[in-house]
Structure formats: structure tokens, C-alpha cells
Amino acid sequence: MSDQEFDVIVIGSGPGGYVCAIRCAQLGFKTACVEERETLGGTCLNVGCIPSKAMLQASEKFEEAVHGLDKFGVQTGDVALDLKGFMAHKDGVVADNVKGVEFLFKKNKIAWLKGRGKITAKGEVTVGDTAYKAKHIVIATGSDSMPLPGVDVDEKRIVTSTGALALAEVPKTMVVIGGGYIGLEMGSVWQRLGAKVTVVEFLDRITPGMDGEVSKQMLRILKRQGIDFKLGTKVTGATVGKSGVTLTLEPAKGGDTETMEADIVLLSIGRKPHTEGLGLEEVGVKVDDRGRVEIDGQFRTNVEGIYAIGDVVRGAMLAHKAEEEGVAIAELLAGQAGHVNYGAIPGVVYTFPEVASVGKTEEQLKEEGVDYRVGKFPFSANGRARAMNATDGFVKILADAKTDRVLGVHIIGAEAGTIIAECGMAMEFSASSEDIARTCHAHPTLNEAVKEAALAVDKRPIHI
Ligand code: FAD
Ligand code: NAI
């Protein structure tokens, strides 16, 4: 094969694309990955999961130093924020991660084709002036922030998550449009650093799609932390003035409009698939009504030899979902049984406390007419949570009433995103709540609340 010929060309080096490329290389394919950013790792490593988590972690430390350590008998003097140092931490974490992917590409002999990739024919991807040939093309071009008519993003005053990851100073006031993952995480960061944050959400609840009981509890806790919410409200316009932004708000169900001022507005109403300039129309790859590349159960588009994974296709827009798909398509191309269990993909909101879920919500089970039992256990009755001064929240397990199989787990509490892992594993093995209840959990750990919730499904928790 010449330097311009590959078994697999992956377009996009986010968690879907880079993981796919590595797995392809492991399986013996001559692999290339096209990436137009200056660094590898996609949205996730550059302007998504990783920088936001670095900022969440650092702002949590700051918040704790200001308000939380005295509860442990630790006295601090004046605590001050060094925003430059704060951002340097975030930038350092990003740099280490993106360099890590570059190292992995070299280790696995994956060619990084730098520039914008366009599918110019079946089996052909053009980058710059060079046309590369490939037996298989995997589209992993990810997603972009969803625009809102009347709210023009300038990434200075009206920002997407990308701008919110790099503000030069702490705003006095911030309005977040959309009470989903990004709004609540980035809103929490800037609230902890001193901004007065108001979340404007179209629906009557935050985190749509999450279990209703968890969502309600989260709303209560975030309000207590000082975040304001305007639910059932839509933003119809935003004007940038000298000193800030003036927003026009309207009740979602219609009614009188009102205005609101903010130093910074964060637009976070969802993300849309990124397919511009990819050549899909020219080669005849179908997209659905939401612009997502259409695929079958094996990631095949309607054009032979072209596949798609990650945020650009249907399903949750999550890094680990993209990674699983990246591995599965590589294994399918190698004739193996690549497979993703979409029923056991966890979702985590990294606020404090965290919210984590896997499987079905109670609302979904009701809608599907499934007969289920609920086991709940509050962290206020967990010894480790008390030791951590982190007693907010609970674990809720939903199990099939007849078979006892775990159908869903929903957690709000400190480290919920870590705790949920055992629940995903349990669901992967089709465990019953009795299986979890009979599993010895180390003491004292937050995970004991999972065991107790499993015991509570059968009405026999020990510690409550
Ligand atoms: P992406 O990561 O979007 O990567 C696609 C890449 O393709 C990009 O680098 C882009 O430059 C490149 N590309 C696109 N078109 C072309 C082209 N024609 N030629 C060359 N290159 C191209 N998910 C989680 O699971 N956990 C989190 O904590 C989390 N936090 C997030 C925080 C924020 C602020 C945001 C915005 C997202 C977050 N996500 C999180 C979502 C996560 O980032 C995405 O689900 C994930 O990155 C999707 O991976 P992907 O590989 O499909 O695409
Ligand atoms: P989102 O889908 O999580 O939330 C968007 C929110 O905006 C919803 O609550 C929706 O009802 C609301 N909304 C929609 N239109 C509106 C309008 N006109 N006015 C007011 N509210 C409106 O989207 P978000 O937060 O932008 O994040 C995008 C995606 O990125 C997430 O869905 C998730 O897949 C991923 N992500 C994941 C994270 C994680 O795993 N921790 C963190 C950040 C992002």
C-alpha cells in the first residue's frame, strides 16, 4: 500500500474517532485519522469533558476552602481566587491529555492527516490537495453547539461552552440558557467562583431525561447553593450593550415578556451534529431530520464502506458512548462481534453533588407499563457520607417486580459518577437487585448506599 492508501480512514479524533483508530490499529488495519484541530482529542479533550472537569474540580476546591473546611474543624485565613492559576490548571490538564492521544497514535502507528477531511468519492477522503484511498471510512466528526435565533454568539459576552471555559474574569452576573448538562456544570463553576447565576430553562424541570425525583432534588440543592432558576421560560432575544447583555424572556406557554441583564450569557440548549463540508450530499450519505448521519445497527450508512459513530449519529451525546461505538465498529470491520449495549450507558452530571444514572427512569417504566419495585437509600444514613459532610442525596434502584432484574439506577450524591460504575456493571451482567444486595461492599464507603438501596427493593435495608 502507498502512503496515500489505508485500510481505514477515521474522520475526527474525538473519543469516538481516536479510540476507533487505536482499536483498528490493534486489529492490524493500516489506519489514518483526519483531524483539523491543532491537537487531537476532539471536543471532549480540548473544549468539553476534560477542561470542564478540571474547572469543576478546581472550583469545588475553592468553594470548599471558602465555605466548607470549617465544618471539618479546619480554619483557613483569607482565601483568594487566582483565576490565571485556575485556568493554567485547566490548560495543563488539557495539554497532557491531548499529548497523550498523540503519543498513542505514534505508538500504534496511526497516521494523523492534518486538516479538514472531505469524502470525495466512495473509498476516498481528500485532505487539502491530497486524495487518500481507504477500504473503510468512519465518520466521527462530532457535534457543535446548537444556535438559538435572536441570540448571536460572539464568544465574549454571549458564549457557548467553549467561551465559558475561558472567561477572562469572573462575571458579576451570568444567565445560562438551558438547564441541561452544560448549563448546570458551567453554571456551577462560575457560581462557585462568585458569579450570580440564573438558569433559564424552557421546560418545567431541569435535566430532562433524568429520573424526575433526582431532578427535583437536584433543583432544590442547586437553589440552596445560590443558583436561581426560571423554569418554563424561553429566551427570545439578546442584545449586547456596552456593559452587558439584555435578554428578552417569555413564558414558554405564552404571556408577558420581561427583560433581564447579564454580564455574560451562556447558550447551552443542546448540540447538533457536525457534518458541514464533509461531502455527504455529494456521495449520497443520508442524514435524518435532525442532521444526524443515518446508520443501521452496525454503524453502516446507506453508502457501502462508509460508517459513522459518536455525536454525529443517534443516541446520547456522551464521550463514553462514542468510545464504545469506536471499538465496536473496528471489531465489526475485523469480522468480530462488535456490540454496544445502549441500555447500560451511564450518564453523569458533574455538579456537586453529582447526578448519575444508568438504565430506565421511573417515568420510562411507567410509560412502558413495566411492573417494578423501588429501593431507595439516603446518603444521610451512610457513615462515609457523614464523615465527608456530604449527606445530600440518595441511591434509587428500580428492579423488575417479577424477575428482580435491575432496570435502572439513579443516584444523586457525592461521587455519584464513580459509584454508578458498579450499577452499570450489574446491568451489563443482567444482575438482580438481590445480586447487588448479596455482594459484600467495603465499609465505610459511599457504595454501601447501593447495597442498602438493593436491600430496600426487598424492604430489608439494615441501616434505615
Ligand atoms: P468530537 O469529540 O466532537 O470530535 C470530533 C472531532 O472531529 C473534532 O475534533 C473536530 O475538529 C473533528 N472534525 C469534524 N469535522 C472534521 C473534518 N471534516 N475534518 C477533520 N476533522 C473534523 N461527555 C461525557 O461523556 N462526559 C462529560 O463530562 C462531557 N462533558 C462535556 C462538556 C462540554 C463543555 C461539552 C461541549 C461536551 C461534553 N461531553 C461530555 C460530550 C462529549 O464531549 C462528546 O459526546 C464527545 O466529544 C463526542 O465524541 P465524538 O468523537 O463523537 O466527537
Ligand atoms: P442538554 O440537552 O443537556 O440540555 C439542554 C437544555 O436546554 C434542556 O434542558 C432543554 O430543555 C433546554 N432548552 C432547549 N431549548 C431551550 C430554549 N430555547 N430556552 C431555554 N432552554 C432550552 O444540552 P447541553 O447542556 O447544551 O449539552 C449538550 C450535550 O453535551 C448534552 O446533552 C450531553 O450529551 C453532552 N454533555 C455531557 C456532559 C456530561 O456527560 N457530564 C457535560 C456536558 C455536555
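Some ground rules. Residues are numbered from 1 along each chain as its sequence is written, while chains are lettered from A and ligands numbered from 1 in the order in which they are written. In this predicted model, local features need pLDDT of at least 70, side-chain atom pairs count only at pLDDT 80 or more, and totals for chains, interfaces and linings use all residues; side-chain values use heavy atoms, without hydrogens and water.

Let's start with ligand 1. Which residues come nearest to it? There are 39 residues around ligand 1, and Glu-35, Thr-43, Lys-53, Gly-117 and Asp-311 come nearest. Here, "around" means that a residue has a heavy atom within 4 Å of the molecule.

Now the polar contacts, meaning pairs of N or O atoms within 3.5 Å; within protein, one must be able to donate a hydrogen and the other to accept it, and residues adjacent in sequence count only if both atoms are side-chain atoms. Lys-53 has a side-chain N or O atom 2.7 Å from an oxygen atom of ligand 1. His-320 puts a polar side-chain atom 3.2 Å from an oxygen atom of ligand 1. Cys-49 uses its backbone: an N or O atom there lies 3.5 Å from a nitrogen atom of ligand 1.

How much of ligand 1 does the protein bury? Taken alone, ligand 1 exposes 1000 Å², and the protein buries 95% of that. Those areas come from the Shrake-Rupley method with a 1.4 Å probe; for residues, only the protein chains shown count as cover.

Helix 2 gives the most to the shell around ligand 1, with four residues. Helices (H or I, at least four residues) and strands (E, at least two) are DSSP runs, numbered from the N terminus. By class, this shell has 14 nonpolar, 18 polar and seven charged residues. Nonpolar means Ala, Val, Leu, Ile, Met, Phe, Trp, Tyr, Cys and Pro; charged means Asp, Glu, Lys and Arg; the others, Gly among them, are polar.

On to ligand 2. It has 23 residues around it, with Ile-182, Glu-185, Glu-201, Met-317 and Val-348 nearest. Glu-201 has a side-chain N or O atom 2.6 Å from an oxygen atom of ligand 2. For Glu-185, a side-chain N or O atom is 2.8 Å from a nitrogen atom of ligand 2. On its own, ligand 2 has 840 Å² of accessible area, and the protein covers 80% of it.

Helix 6 gives the most to the shell around ligand 2, with four residues. That shell divides into 13 nonpolar, six polar and four charged residues.

Next, the second largest pocket. It is lined by 30 residues, and Glu-60, Glu-63, Glu-64, Phe-352 and Asn-389 lie nearest its centre. Helix 3 gives the most to this lining, with nine residues. The lining splits into nine nonpolar, ten polar and eleven charged residues.

Last, the backbone. Most residues other than glycine have a negative phi, and most peptide bonds are trans. Phe-352 comes back here: its peptide bond to Pro-353 is cis, with omega near -5°. Pro-353 sits in the loop between strand 18 (347–349) and strand 19 (354–359). Another cis bond joins His-443 and Pro-444, with omega about -5°. Pro-444 is in the loop between helix 13 (433–438) and helix 14 (448–457). Asp-404 is not a glycine, yet has a positive phi of about 70°.

A pocket, by the way, is defined on a 1 Å grid over the protein atoms alone: an open set of points where a 1.4 Å probe fits, with protein on both sides within 12 Å along at least five of seven lines, and lining residues have an atom within 4 Å of a point.
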